[in-house]
Amino acid sequence: LLDPGNPDGWLGFGHWSQAAGERETAARAYLRAGILAPASALPLYHLGITVPDRIPEATIRATQERFATGTADGYWRELAAFALAYHCDATGDEDGAFAWLQRGNGERRKRVPDEMPLNRAILQRTLQAEAPRRRPTAPVGGSTTPIFIVGLPGSGTTLVESMLSRHPAIAGGGELPFIDRLAKSLAGFPTGHLGLDDDRLDALATGYLASVGEIVDLSGRFFTDKMPNNYAHIGLIRHLFPGAPIVHLSRDPMAVGWSLFRRRFETGQTYSSNLEDIAEFIAIHGRYMAHWERLWPGHVLDVRYERLIADPETEIRRMLERAGLPWDPACLDYARAKRRVATASATAVRGGLDKGRIEDWRRYARHLEPLRRALQRHGVTLEE
């Protein structure tokens, strides 16, 4: 309203509307931003996420023509390629969608650093550490208790948080960065917490809660910390909050691999731009989870995404029981929740449970054969 000719303002309005579940408003905002800034690929990219089947044909043609001229920079090509991939996917052109995804991921690969050597090194340091001493287990559900939701991106962590945060005793925290920051701040990362005494660990736990309290309402008994990659920090979490529930989402590796390859991460998760790296990272994730299970059998509650979609009430009840909370039917009404969903899964979560998404990757089975072979080489067990 203050500056209607500012495309960045319309982009921001679109982002806010999308997170709030106002899809049509978001789409109109992105269309307006694209009109005001036709040389930018950002409006096109976000339009592709929001309403991929409704990108104007004139915009599609103009984008393809600009690709043909070879004059656009790498960042524009990355964004535009993902947008065209989403459009092709929504309109049933699997060959076109996969080709554009390969192009977009190729451009992203040039922009972001390769993190796989670091991922391998951190895993090895974690696995080589001695078994940690056991602190006395505090009762679950004190004045404020986190519920940690972990798993690979695309495994259903956003869906689970959306369900649990509908419970009156649970506040939704979203993707909180504090555990990762804390882990990396300790000397001896990733196992710096092993040499700390209980007083120091309690002080770190108090500091974590203070940081969370600045952005999350902690007046209830529980809050969610839904940072998927915290699965690598379960050892630290177990020491800081011995009684805190930890929910781990698992999913068919092929479905997760496809979800990662088709998702564009602005920063981090650089492995997602390459099918071979995706397969190795899935294997790394599996080794972390097996390590924690050896140290603390049964402490992490494993929830299968496929079972959650098929029978959500049973799976939500399991999670609530782990926290000592009673069942509340509001957890099944998550799609109409007023809270903002600001992750890449916002559109899927707002759309409710869609059993068809479980097998969606099979439309691309032929294209994903290199992923299947790579997963097998890395020892990942595949579904039938």
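Buried means under 20% relative accessible area, exposed means over 50%, and partly exposed lies in between, with a 1.4 Å probe and protein chains only. By that scale Thr224, at 0% relative accessibility, counts as buried. This is a predicted model, where local features need pLDDT of at least 70, side-chain atom pairs count only at pLDDT 80 or more, and totals for chains, interfaces and linings use all residues. Residues are numbered from 1 along each chain as its sequence is written, and side-chain values use heavy atoms, with hydrogens and water left out.

**Figure 1. The whole chain.**
The protein chain has 17 helices and five strands. Both are DSSP runs, numbered from the N terminus: helices are H or I with at least four residues, strands are E with at least two. The radius of gyration is 22 Å, close to the 21 Å that the globule rule gives for 384 residues, so the chain is as compact as a globular protein of that length. That radius is taken over C-alpha atoms, and the globule rule is 2.2 Å times the number of residues to the power 0.38. Along its principal axes, the C-alpha trace spans about 65 × 50 × 40 Å. Of the 384 residues, 52% count as buried. The chain exposes about 17300 Å², and carbon and sulfur atoms supply 52% of that area. Accessible areas come from the Shrake-Rupley method with a 1.4 Å probe; for residues, only the protein chains shown count as cover. Contact means heavy atoms within 4.5 Å. Among contacts between residues at least 6 apart in sequence, 77% join residues at least 24 apart.

**Figure 2. Thr224 in strand β3.**
Strand β3 covers residues 222–225 and includes Thr224. The Thr224 side chain makes a polar contact of 2.7 Å with the side chain of Glu161. A polar contact is a pair of N or O atoms within 3.5 Å; within protein, one must be able to donate a hydrogen and the other to accept it, and residues adjacent in sequence count only if both atoms are side-chain atoms. Beyond its neighbours within four places in sequence, Thr224 is in contact with residues including Ile147, Ile149, Leu164, Ile170 and Leu176. Gly172, Gly173 and Gly174 are also among them.

Leu218 sits in the loop between α10 and β3. At 22% relative accessibility, Leu218 is partly exposed. Which residues does Leu218 contact, leaving aside neighbours within four places in sequence? They are Thr144, Leu209, Val212, Gly213 and Phe223. Leu11 is 207 residues from Leu218 along the chain, and their C-alpha atoms are separated by 31 Å.

**Figure 3. Helix α5 and its two ends.**
Helix α5 runs through residues 74–90. Its 17 residues reach 24 Å from first C-alpha to last, close to the expected 24 Å at 1.5 Å a residue. The expected span is 1.5 Å times one less than the number of residues. In α5, 13 of the 17 residues are buried, so the helix is largely enclosed by the rest of the structure. Asp73 caps the N-terminal end, with a side-chain oxygen 3.3 Å from the backbone nitrogen of Tyr75. Just after α5, Gly92 takes a positive phi of about 85°.

Helix α13 spans residues 275–295. Its 21 residues reach 31 Å from first C-alpha to last, close to the 30 Å expected. The helix is mostly covered, with 15 of its 21 residues buried. Asn274 lies in the loop between α12 and α13. This residue caps the N-terminal end of α13: a side-chain oxygen lies 3.0 Å from the backbone nitrogen of Glu276. The Asn274 side chain also reaches the backbone nitrogen of Asp277, at 2.9 Å. Is Asn274 buried or partly exposed? Asn274 is partly exposed, with a relative accessible area of 27%. Not counting residues up to four places away in sequence, Asn274 touches Arg109 and Phe261.

**Figure 4. Backbone details in two loops.**
The peptide bond from Phe189 to Pro190 is cis, with omega near 15°. Pro190 is placed in the loop between α9 (178–185) and α10 (198–213). Gln269 lies in the loop between α12 (253–262) and α13. Phi of Gln269 is near 50°, a positive value in a residue other than glycine. At 15% relative accessibility, Gln269 counts as buried.

Cys88 is buried, with a relative accessible area of 10%. Cys331 is buried too, at 0% relative accessibility. The structure holds zero disulfides, a disulfide being a pair of cysteine sulfur atoms within 2.5 Å.
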